[in-house]
Amino acid sequence: MADAITLQVEGMSCGHCIRAVTNAIQGLDQAAKVEVDLAAKRVVTQTNLPRADLVRAVEEEGFAVKG
């Protein structure tokens, strides 16, 4: 089973943001499950990818990952 990784992501505010983050992560791992909570500024991903790869993918979309 894939590990759950939680990222605190600043700058997400709409459906486009959800799609951008989801597509960025699934572009690296098509099987990744991605849940985005805009209000909490949280992205929870189930994947075997390293956290650093997820952070880089989200930041390349123009969002800031905290922590």
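Partly exposed means a relative accessible area between the buried limit of under 20% and the exposed limit of over 50%. Lysine 41 has a relative accessible area of 35%, so this residue is partly exposed. The model is predicted.

**Nonpolar core**

- The largest nonpolar core has 17 residues.
- Leu7, Val9, Ile25, Val43, Val58 and Phe63 touch the most other members of this core.
- Three elements each supply at least two residues of the core: β1 (3–10), α1 (15–28) and α2 (51–60).
- The most comes from α1, which gives four residues.
- Valine 58 is in contact with Leu7, Val9, Val21, Ile25, Phe63 and Val65, leaving aside its neighbours within four places in sequence.
- In soluble globular proteins, nonpolar side chains tend to be buried together.

**Helices α1 and α2**

- Two packed helices are described by the angle between their axes and the distance between the axes.
- Here the axes of α1 and α2 cross at roughly 135° and come within 9 Å.
- Angles of 65 to 115 degrees count as roughly perpendicular and those over 145 as roughly antiparallel, so α1 is oblique to α2.
- On the α1 side, Val21, Ala24, Ile25 and Leu28 take part in the contact.
- On the α2 side, their partners are Asp53, Leu54, Ala57 and Val58.
- By class, the residues of the contact of α1 with α2 are seven nonpolar, no polar and one charged.

**Lysine 41**

- Lysine 41 sits in the loop between β2 (33–37) and β3 (42–47).
- The phi angle of lysine 41 is near 55°, a positive value in a residue other than glycine.

**Threonine 22**

- Helix α1 holds threonine 22.
- Buried means under 20% relative accessible area, and threonine 22, at 16%, therefore counts as buried.
- Not counting residues up to four places away in sequence, threonine 22 touches Val34 and Val36.

**Glycine 11**

- The loop between β1 and α1 contains glycine 11.
- Exposed means over 50%, so glycine 11 counts as exposed at 53% relative accessibility.
- Glycine 11 is in contact with Cys17 and Phe63, leaving aside its neighbours within four places in sequence.
- Glycine 62 is 51 residues from glycine 11 along the chain, with 8.2 Å between their C-alpha atoms.

Note on methods:
Residues numbered from 1 in each chain as written. Predicted model: local features only at pLDDT ≥ 70, side-chain atom pairs only at ≥ 80, totals over all residues. Heavy atoms only, no water. Core = buried A, V, L, I, M, F, W, Y, C linked by side-chain atoms within 4.5 Å. Buried < 20%, exposed > 50% of the residue type's maximum accessible area, 1.4 Å probe, protein only. Contact = heavy atoms within 4.5 Å. Axes fitted to C-alpha atoms, helices over the stretch in contact; angles between N-to-C directions. Parallel < 35°, antiparallel > 145°, perpendicular 65-115°, else oblique. Nonpolar A, V, L, I, M, F, W, Y, C, P; charged D, E, K, R; others polar.
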